[in-house]
Amino acid sequence: MQVLLSGLAIGAIYGLVAMGFAIAFYVTRVINFAEGQLLMVGVMVAAWFARTGLDPWIAIVLGILAAAAVGAVTYLVAVRPVLAFDRFSFAWLVSTLGVALILENGAALVWGPTSRSFPALLTGTSVHVGSATLTLQEVVTIGVAIAAAIGFELYRRRTLFGKLGMAIAHDPEMATALGANTVLVATAAFALAGAFAGLAGVLIGPITYSNPYLGDTYGIAGFVALMIGGTSRPAAAMAGGLLLGILGEAANKLIDTQASDWFPFVVVVVMLLVLPEGLLSLAAPFRRAVRRARAPAGATG
Amino acid sequence: MSANALDLRGLRAGYGRYDVLRDVDLQVAPGEAVGLLGPNGAGKTTLLRAVMGLVKHRTGVISIAGTDVVRMPAHKIARGLAALVPEGRRLFVDQPIEDNLLLGALHLRRDKARVSELLESVYALFPVLRDVRNRPAGALSGGQQQMVAIGRMLMSDPTVLLLDEPSLGLAPIAIGEVAEALERLREEGRSILVVEQRVDLALRMCDRIYVLAGGEVALEEQARALGEDGRALIDAYLG
């Protein structure tokens with residue numbers, strides 16, 4: 001029970017970062033390799049504002065907003081120009097990695113390379129669930145992550161803007177020919193992806209403290225969670241994160257206390273070999289059957 | 001005198017460094033249906049894409065109802081000036097039919113009454129779509145998908161309708177249904193520019209015909225002057 005719940009708590013963080021990767025990819029077909037550093041921006045900015053004496057809750061909101069703003073700027077500065085030059089190039093791979101390095105080293109220059117305190121609002125309270133014990137912070141993290149995944153999925157499926165995102169993901173040129181400002185939507189997607197990373201940052205901050213190199217660890221874990229969940233639906237990335245968290249905690253318990261450092265890589269190799277399109281591909285035969293059942297009889301040209 | 005629904009003068013456009021269209025002059029009067037014919041590679045699709053702002057414009061004028069759209073971004077042209085039914089339809093196949101239609105009215109989203117009115121007019125034109133409106137677009141037959149593509153175009157309430165090979169890949173019955181719908185739109189006084197490989201269909205649906213060859217206008221003629229089957233036209237330009 002303890003492994004399961006602790007795994008869900010850390011997996012929720014991986015899942016939020018993975019959803020950030022997935023949201024940006026969903027609309028633009030670009031992996032933002034600075035996603036982990038956006039988590040770090042959320043943590044560092046929130047911690048800095050809190051240290052200035054600002055109310056910690058306001059500092060946390062500002063941290064999330066800062067991560068969203070940096071996400072939007074990343075699209076406008078590092079992704080859009082390279083796609084404008086060549087729509088089919090993969091130059092964004094290098095440019096977003098460049099942004100990651102700039103953010104990481106920039107944060108180290110501004111705030112120093114060592115860990116600083118982060119407002120510990122909920123870590124002092126314990127919650128008992130059966131035989132397991134979690135901090136209130138961990139319980140809130142699981143709840144917020146699941147609510148964010150469900151909220152995003154409802155938004156994607158039920159609102160015109162969400163459907164527009166699906167249309168842009170499917171055929172960006174046709175979406176443009178229907179009046180969609182694809183640059184605006186892509187910028188918004190990167191901002192939302194940044195907000196998800198920032199949210200993950202302020203949820204993990206009380207445990208890890210603020211550190212400019214946090215982005216490496218959580219960026220890699222989030223990317224692995226994305227590979228597990230698959231890129232076809234952002235909410236599946238959350239499932240990938242939760243699963244990765246549980247497997248990592250189980251590895252810590254059963255193999256070695258440091259096993260969660262290397263175990264994700266074993267998981268991702270197995271996933272890429274067995275289910276290269278992610279967990280959701282398991283449901284593909286079911287979806288095909290439903291589609292066949294819905295198709296009109298004798299549908300031809 | 002009112003401005004043409006579509007007015008192209010001296011249009012040059014193409015991809016990369018290659019000019020596909022060379023000094024094309026073409027007009028569509030308000031309420032007129034114009035057919036664009038030509039062999040493969042003549043530049044017919046490129047012309048429609050240039051009007052929509054999807055192809056690099058080099059020189060010349062593109063004007064829709066008197067509005068110069070040369071420097072206008074594609075997504076703004078699509079907001080009530082021109083709408084396109086592309087070759088192959090390019091529906092959002094995983095999304096329900098009604099969502100595909102509503103995405104056509106993106107710029108009208110704040111005017112819910114107008115959107116409902118347009119949706120009703122599409123269902124009046126293609127009653128079969130009303131019954132299947134919650135199905136994914138990809139689950140429809142080719143003919144029904146073409147109806148959705150035409151409906152999606154109409155949802156933006158555009159000044160000029162652009163259709164790229166609406167009969168392509170359809171069964172004969174479906175072609176008949178689509179042609180009938182286009183004739184109804186023509187009777188309603190819509191301004192239409194349609195690229196069509198089937199000459200008989202183009203002559204039936206259109207008031208005037210342009211033939212494009214090698215990126216240039218090779219012929220402009222009233223449809224009725226070309227006979228019912230357009231045999232002479234086919235022999236001269238399309239054989």
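Across the interface of chain B and chain A in this predicted model, seven residue pairs are in polar contact, both partners being at pLDDT 80 or more. On the chain B side, the elements that put in two or more residues are α2 (74-77), α3 (97-104) and α6 (142-155). Of these, α6(B) gives the most, with four residues. Sorted by class, the side of chain B that touches chain A comes out at 16 nonpolar, eight polar and eight charged residues.

As for overall extent, 32 residues from chain B and 23 residues from chain A take part in the contact. Together the two chains bury about 2,500 Å² between them, and carbon and sulfur atoms account for 62% of that. Three residues stand out here: B:Arg90, B:Phe92 and B:Leu106 supply 22% of the area that chain B buries against chain A, more than any other three residues.

Charge pairing comes next. The count over all chains is 20 salt bridges, and between chain B and chain A it is four. One of the pairs that cross over is A:Lys163 with B:Asp99, whose side chains meet at 3.2 Å, N to O. A:Lys163 sits in helix α6 (residues 160-170) of chain A and B:Asp99 in helix α3 of chain B, so this pair joins two chains. Both A:Lys163 and B:Asp99 are buried.

B:Arg90 turns up again in this context. Its side chain forms a salt bridge with A:Asp171 at 2.8 Å, N to O. That pair also runs between chains, from B:Arg90 in the loop between β6 (82-85) and α3 of chain B to A:Asp171 in the loop between α6 and α7 (172-177) of chain A. B:Arg90 is partly exposed, at a relative accessible area of 28%, whereas A:Asp171 counts as buried at 11%. B:Arg90 has a salt bridge with A:Glu173 too, at 3.1 Å, N to O.

Within chain B, the side chains of B:Asp19 and B:Arg58 meet in a salt bridge at 2.5 Å, N to O. B:Asp19 belongs to strand β2 (residues 18-28) and B:Arg58 to strand β4 (residues 56-64), so the pair ties together parts that are 39 residues apart in sequence. B:Asp19 counts as buried at 18% relative accessibility, while B:Arg58 is partly exposed at 27%. Back with B:Arg90, salt bridges that share partners link A:Asp171, A:Glu173, B:Arg49 and B:Arg90 into one network.

B:Arg49 is among the buried residues of α1(B). This helix (residues 44-51) is mostly covered, with seven of its eight residues buried. After α1(B) comes B:Gly53, which has a positive phi, near 80°.

What the side chain of B:Glu196 does reach is the backbone nitrogen of B:Arg198, at 3.1 Å. Setting aside residues up to four places away in sequence, B:Glu196 touches several others, including B:Leu36, B:Leu37 and B:Glu165.

Over in chain A, A:Ala237 lies in helix α10 (residues 234-254) and is buried, with a relative accessible area of 0%. Leaving aside neighbours within four places in sequence, the contacts of A:Ala237 include A:Gly15, A:Ala18, A:Met19, A:Gly229 and A:Gly230.

Conventions. Residues numbered from 1 in each chain as written. Chains lettered and ligands numbered in written order. Predicted model: local features only at pLDDT ≥ 70, side-chain atom pairs only at ≥ 80, totals over all residues. Heavy atoms only, no water. Contact = heavy atoms within 4.5 Å. Buried area = accessible area lost by both parts, 1.4 Å probe. Polar contact = N/O pair within 3.5 Å; in protein donor to acceptor, adjacent residues only side chain to side chain. Nonpolar A, V, L, I, M, F, W, Y, C, P; charged D, E, K, R; others polar. Buried < 20%, exposed > 50% of the residue type's maximum accessible area, 1.4 Å probe, protein only.
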